[in-house]
Amino acid sequence: MSVRWYVVHTQAQGEGRADLNLRQQGFVTYLPRYLRSRRHARRTETVVRPLFPRYLFVALDVARDRWRAVQSTFGVSNLVVIGNDPVPLPDGVVDEIRAREGEQGYVKLGLPPGIRPGSPVRLVDGVFADYRGVLERLADDRRVAVLLNLLGREVRVFVPAASVGAA
């Protein structure tokens with residue numbers, strides 16, 4: 001066997017605690033985080049949030065490592081398993097997430113480089129997968145408005161920014 005990435009389900013808001021405790025036991029972990037703007041009481045502040053709330057990744061060789069110790073780690077609810085065996089992530093998932101990290105180590109959400117309002121785009125997933133259109137505007141920090149030509153007229157659809165690729 002070789003080392004693969006597995007998914008750990010954590011306790012509510014316990015991602016950091018689970019990450020720390022797993023690292024202290026000698027496990028290699030990855031907790032992707034991003035920066036989010038939050039408004040409260042007329043103030044806007046930037047806070048760090050986990051990209052996948054209640055989840056983190058751990059690198060294991062299930063034939064060699066004591067992977068059952070993950071289950072009893074403080075802050076962990078369980079390791080994602082089918083039956084009694086942990087389920088590995090498909091190869092490259094963690095690498096793809098890490099490729100989107102900025103210089104501070106936070107995952108950058110939003111549009112791929114070079115795409116801006118007015119650019120021709122292609123939708124890569126969802127109901128309108130493989131449709132082509134024009135990026136109209138950024139709706140917020142997670143969604144974009146795309147103009148699609150449907151039934152002979154332009155229709156505005158809102159999709160996650162991650163669903164947009166270059167045409």
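## A hairpin and its sheet

Strands E11 and E12 form a hairpin in which 2 residues lie between them, and Leu151 in the turn has a positive phi of about 55°. Strands here are DSSP runs (E) of at least two residues and helices are runs (H or I) of at least four residues, both numbered from the N terminus, and two strands pair if DSSP finds at least two bridges between them. The model is predicted, with local features needing a pLDDT of at least 70 and side-chain atom pairs counted only at pLDDT 80 or more, while totals for chains, interfaces and linings use all residues. Residues are numbered from 1 along each chain as its sequence is written, and side-chain values use heavy atoms, with hydrogens and water left out.

Between strand E11 (residues 143–150) and E12 there are 8 bridges, and the two strands run antiparallel; within this pairing, Leu148 stands opposite Val155 in E12. Both strands belong to an open sheet of 5 strands with the order E12-E11-E10-E9-E13, in which the pairing is antiparallel. Strand E12 (153–160) and strand E13 (164–166) are the edge strands, each pairing on one side only. From one strand to the next, the twist averages 50°, where axes are lines fitted to C-alpha atoms (for helices over the stretch in contact) and angles run from 0 to 180 degrees between N-to-C directions.

## The four-stranded sheet

Another open sheet is formed by 4 strands in the order E2-E5-E1-E6, with antiparallel pairing. Strand E2 (28–30) and strand E6 (76–79) stand at its edges with a single partner strand each, so one side of each has no neighbour in the sheet. On average, and with direction ignored, neighbouring strands of this sheet are turned by 35° against each other. Helix H1 (residues 15–24) packs on the sheet and touches E1, E2, E5 and E6, its direction making about 15° with that of E5; a contact is counted when heavy atoms lie within 4.5 Å.

Strand E1 (residues 4–10) is joined to strand E5 (residues 55–60) by 6 bridges, and the two run antiparallel. In E5, Val58 is the bridge partner of Tyr6, and Tyr55 is the bridge partner of His9. E1 also pairs with E6 in the antiparallel sense, over 3 bridges, and Leu79 in E6 is the bridge partner of Val8. Of the 7 residues of E1, 5 are buried, so the strand is largely enclosed by the rest of the structure. By relative accessible area (1.4 Å probe, protein chains only), buried means under 20%, exposed means over 50%, and partly exposed lies in between.

## Selected residues

Ala59 lies in strand E5 and counts as buried because its relative accessibility is 11%. Although Ala59 and Trp5 are 54 residues apart in sequence, they are 4.4 Å apart in space, C-alpha to C-alpha. When residues up to four places away in sequence are not counted, Ala59 touches Val3, Arg4, Trp5, Val28 and Asp65.

Gln13, which is not a glycine, has a positive phi of about 55°; it lies in the loop between E1 and H1, and Gln13 is exposed, with a relative accessible area of 73%. Arg54, also not a glycine, has a positive phi of about 75°; this residue is found in the loop between strand E4 (43–50) and E5, and Arg54 counts as partly exposed at 31% relative accessibility.

## The largest pocket

Rolling a probe the size of a water molecule over the atoms shows where empty space is left. On a 1 Å grid over the protein atoms alone, a pocket is an open set of points with protein on both sides within 12 Å along at least five of seven lines, whereas a cavity is a set where a 1.4 Å probe fits but cannot get out; lining residues have an atom within 4 Å of a point. Grid points are joined across faces, edges and corners, and a volume is the space filled by probe spheres set on the points.

The largest pocket has a volume of about 330 Å³. It is lined by 15 residues, of which Leu51, Arg100, Leu109, Gly110 and Ala162 lie nearest its centre. The lining of the largest pocket divides into 8 nonpolar, 2 polar and 5 charged residues, where Ala, Val, Leu, Ile, Met, Phe, Trp, Tyr, Cys and Pro count as nonpolar, Asp, Glu, Lys and Arg as charged, and the others, Gly among them, as polar.
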